[in-house]
Amino acid sequence: MNRIHQAFKNHKAFIGFLTAGDPTLEKTVDYILALEKAGTDLIEIGIPFSDPIAEGPTIQEANLRALKNKVTTDDVFKMVKEVRRHTDIPLCFMTYLNVVFHYGYDRFFQKCQEVKVDGIIIPDLPYEECHEVKDVCEQYGVQLISMIAPTSQERIEMIAKEAAGFIYLVSSMGVTGRRDDQSFSQHIDKICQQIHEVTDVPVAIGFGINTPSQVQQFKRYGDAIIVGSGIVELIGQYGQDADKAIYDYVHLLTEALL
């Protein structure tokens, strides 16, 4: 059975993101375990890509650092295999269609199944073209995570009805990165309500959330909170010595979910 549902079983879930290979693949394993220890329920792992169009400067720079280390998609699969020696936490890849297409859909998702990756988020995959990927995902027990943006009004119901795993609700327009309270969409509550009317699939709110007060604000509407840039910033700042900083920061955020 796919592990994603475990993240949402008993409480509001915390989802953390980091980029594989930043600063090294070995430290990525350590940081995933630090995230879990701090209370993270599901972890998104970014596969390094040269043109991550949905990402702001913080995660773009993490991609560049990993690519400078010559991290490949095969390396990321090997890293996940090592992670699975230590934990059964739900894992999702976050990457771009070009990465999966060039690896080969069947080959990519078969490898996901082998190393026990539970889901994938592909920000540049249009909803209208998702079935060519989704059909292969399902063959290998991997869930394709749907994204809904504040501008998706006319398509919210359509996307939500077909969603699996969880729905990634984008909290604001633009790219990833820390935001202040005034930068978020003012309609998140209404969008969450609209989604919950047509599906039981959990809603995770992400893009820009980075403080305990923001976590408390958005936990009223969704079933999970996603934090990425705040974690990746710490890795950029502390490099190979970010374990404690990651734990302390994420522990604060997960406490705010209680």
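1. Basis. Residues are numbered from 1 along each chain as its sequence is written, and side-chain values use heavy atoms, with hydrogens and water left out. Because the model is predicted, local features need pLDDT of at least 70 and side-chain atom pairs count only at pLDDT 80 or more, whereas totals for chains, interfaces and linings use all residues.

2. Phe93 and its partners. Leaving aside neighbours within four places in sequence, Phe93 is in contact (heavy atoms within 4.5 Å) with residues including Ile45, Val76, Phe77, Phe108, Cys112 and Ile120. Phe93 is buried at a relative accessible area of 1%, where buried means under 20%, exposed over 50% and partly exposed in between, with a 1.4 Å probe and protein chains only.

3. Aromatic pairs. The whole structure holds 10 aromatic pairs, that is, rings of Phe, Tyr and Trp (its six-membered ring) with centres within 6.5 Å, stacked if the planes are under 30 degrees apart, edge-to-face if over 60 and tilted for the rest. The rings of Phe93 and Phe108 are tilted, with centres 6.0 Å apart and planes at 55°; this pair links strand S3 (residues 91–94) to helix H5, 15 residues apart. Phe108 and Phe109 are edge-to-face, at 5.1 Å and 80°, and Phe77, Phe93, Tyr103, Phe108 and Phe109 form one aromatic cluster.

4. Helix H6. Val133, Lys134, Val136 and Cys137 are the buried residues of H6, residues 131–139. They lie on the same side of H6, because they cover an arc of only 165° around the axis, taken from the directions from the helix axis to the C-beta atoms. They pack against helix H4 (97–103), helix H5 (105–115), strand S4 (119–121) and strand S5 (143–144), while the face turned away carries the exposed residues Glu138 and Gln139.

5. Cysteines. The search of the whole structure finds 0 disulfides, a disulfide being a pair of cysteine sulfur atoms within 2.5 Å. For both Cys92 and Cys137 the closest cysteine sulfur is in Cys112, at 9.8 Å and 7.6 Å respectively, too far for a bond.

Conventions
Helix = DSSP H or I, 4+ residues; strand = E, 2+ residues; numbered from the N terminus.
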